[in-house]
Each structure stands twice: as structure tokens, then as C-alpha cells.
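Keep the structure open beside you as you read.

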Amino acid sequence: MGKKDSYENQGKQIELFSLLKFSSVDLKPSSINTGIKSMNKFIVIIPARYGSSRFPGKPLAKIAGEEMIVRVCRRAAETGVDIAVATDDERIRECVEKAGFTAVMTSPDHKSGTDRVYEAFCKLGRPAEVVINVQGDEPFIAPSQIEALMRCFDDPETRLATLVREFDPALGFEALFDPNLVKVVTADNGDALYFSRSIIPYIRGEKWQEWLESHKFHTHVGIYAYRSDALGEITTLQRSRLEIAESLEQLRWLENGYKIRTALTGEPTIGIDSPADLEAAERWLASQREEKGK
């Protein structure tokens with residue numbers, strides 16, 4: 001599949017989110033803020049759905065003999081924070097619970113991981129000041145990356161946060177140009193100014209072949225954290241102009257006046273989007289073991 005086809009397919013996945021009514025829980029943000037002073041500050045919720053056009057059953061695919069979703073749980077659990085998996089499939093729930101972790105069944109109709117995370121958070125009945133959304137296809141997520149997000153909330157003004165990484169010039173301009181690699185620019189205080197599939201910023205007056213030498217570009221790592229009241233609010237927002245144009249959910253939040261604090265990570269992550277990615281991850285893991293064995 002070419003880049004254009006991939007981009008168009010991603011655009012088709014964004015649809016208007018209709019608020020769901022869950023008979024067992026009140027989804028109003030006010031209902032989850034009572035007693036905030038006594039609640040645990042953080043909870044990690046990992047959205048994991050079974051259906052995927054490119055890789056059906058991806059959360060249950062095994063890496064070095066262990067299901068991907070279980071690997072994500074184990075990595076997140078190293079932070080010492082409460083964790084739970086939000087899923088729409090009984091097979092994933094059974095796998096997660098067999099490994100000793102908590103799973104919550106959620107609607108199969110959610111259009112984003114954020115919506116799935118919010119339903120799970122409401123159903124869990126474990127109020128927390130901050131909810132961390134770790135993707136279920138990030139089996140190599142580092143606990144330090146989650147902790148970097150947590151530190152963003154040392155500032156009481158932070159309501160939303162995500163991770164960014166400095167782009168490695170050794171990967172070349174073609175990698176930076178890839179629309180599947182989301183770019184981000186930030187203010188001096190670390191707040192995100194804009195996310196784009198295009199290269200930002202544009203370096204005026206220089207040949208594009210020289211851009212990597214003259215500017216440090218940054219890319220987005222799709223891990224989010226939200227204060228619980230902000231999470232409730234953003235799930236009620238309708239699609240925005242820029243979100244539709246770029247097929248990036250976080251632009252909806254920016255367009256509605258929310259600030260997104262960023263934390264810088266230097267650690268690599270390997271997201272699994274296809275069977276080919278899984279094979280590459282297996283090779284990478286084997287190489288790491290060989291290095292340690294030397």
C-alpha cells in the first residue's frame with residue numbers, strides 16, 4: 001500500500017463520536033470528581049480491540065512466546081501504578097485476567113482509544129486524578145516514558161499531556177516526510193502548538209536536503225494522560241476542522257482551547273501495526289538478547 005492509500009484509509013477511520021449511555025454508570029464528569037483529595041493520583045488504562053483491518057487479533061499476537069497485550073501490561077505495571085485493559089473482546093479479557101491483570105469490557109462502537117479509555121475508567125469505579133492511556137500495541141513501552149508523563153502533572157495547570165521524541169537525522173528525510181510519522185512543534189514551556197502529518201516547521205530559505213542539519217525536528221509518541229475531568233470533557237467534543245483535515249484526534253482538543261503539555265523521551269518504542277511489524281519486533285528483540293549475551 002502506498003503512502004497516499006495509507007493516509008486515506010486513516011482518514012476514513014475518524015467518524016463523529018455519538019455519546020453512548022451505559023446503564024451501569026453515570027458518565028458525567030462531575031460524578032467522578034468527588035473526593036479527589038483522597039483518590040489515588042494515577043491509573044493506567046490500556047485500550048485493546050480485537051478487530052483490525054491490517055492485523056486482526058493483534059493484542060493476542062505473541063512476541064517471544066507472550067501475548068502482546070500481556071507484555072504491555074507488564075511494562076506498565078513496573079511503574080507501580082494501578083492498571084487495567086479496556087477491550088471489546090472476551091478473548092482479550094480472558095487472556096489479561098489469566099495473566100493476573102484487570103480487564104474491563106467496553107463498547108465495540110468506539111471510534112478512538114480515548115473514548116474506550118473513558119468508558120473503562122467510569123466502569124472501574126476507581127477514581128483517579130490522572131488517567132494514562134498506553135496503547136495496547138506498544139509492547140516495548142518503557143516505564144520511564146510513563147513516568148515522564150506523570151511528572152507533567154506536578155504542575156497543577158496541566159490537564160492533558162503526551163510524549164514527543166527528537167527525530168533522528170540518521171533516519172533520513174524520507175522517514176521524516178512519511179505522513180504516518182506525526183510531527184509536532186511546541187512552545188518554550190513544552191505545550192504543543194500543533195501536530196501535523198506534514199513536516200513542521202517549514203525551513204524557509206534552505207534546500208530541503210539541508211533541513212535535518214539546521215533544525216531539530218520532533219515527532220509524536222501516541223501516549224496520552226488526562227486529568228479525569230478533562231477526559232470526560234474531551235469525549236463530548238465533536239470533530240473539528242483540523243482533525244478532519246489531518247486525521248489527528250488531538251487537534252480537536254487544541255481547536256477547542258485545551259493545552260497539551262509535552263514530555264520529551266529519548267527512548268525508542270516499536271508500535272505494532274501489521275504482521276510485518278511483529279516480525280521486525282521479534283528480530284529486534286532477538287538482537288537485544290544477543291547483545292546482552294556478549
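Predicted model: local features only at pLDDT ≥ 70, side-chain atom pairs only at ≥ 80, totals over all residues.

Residues are numbered from 1 along each chain as its sequence is written, and side-chain values use heavy atoms, with hydrogens and water left out.

The protein chain has 11 helices and 11 strands, taken as DSSP runs numbered from the N terminus (helices are H or I with at least four residues, strands are E with at least two). Of its 294 residues, 48% count as buried, meaning under 20% relative accessible area with a 1.4 Å probe, protein chains only. Among contacts (heavy atoms within 4.5 Å) with a separation of 6 or more, 69% are between residues 24 or more positions apart. The chain exposes about 14,900 Å², with carbon and sulfur atoms supplying 49% of that area, by the Shrake-Rupley method with a 1.4 Å probe.

Now look inside. In soluble globular proteins, nonpolar side chains tend to be buried together. Here the largest nonpolar core has 33 residues; such a core is a set of buried Ala, Val, Leu, Ile, Met, Phe, Trp, Tyr and Cys residues joined through side-chain atoms within 4.5 Å. Val-44, Ile-46 and Ile-132 are among the residues with the most contacts inside it. Elements giving two or more residues to this core include strand S1 (40-48), helix H2 (68-77) and strand S4 (82-87), and H2 provides the largest share, five residues. A second, separate core of 31 residues includes Ala-84, Cys-122, Tyr-224 and Trp-253.

Where does Asp-137 sit? Find it in the loop between S6 and H5. Asp-137 counts as buried because its relative accessibility is 15%. Its side chain makes a polar contact of 3.1 Å with that of Lys-58; a polar contact is a pair of N or O atoms within 3.5 Å, where within protein one must be able to donate a hydrogen and the other to accept it, and residues adjacent in sequence count only if both atoms are side-chain atoms.

Finally, turn to strands S8 (residues 183-186) and S9 (residues 192-196), which run antiparallel and are joined by four bridges; pairing requires at least two DSSP bridges. Lys-183 stands opposite Ser-196 in S9. The two strands form a hairpin with five residues between them, and Gly-190 in the turn has a positive phi of about 95 degrees.

Definitions and conventions: Buried < 20%, exposed > 50% of the residue type's maximum accessible area, 1.4 Å probe, protein only.
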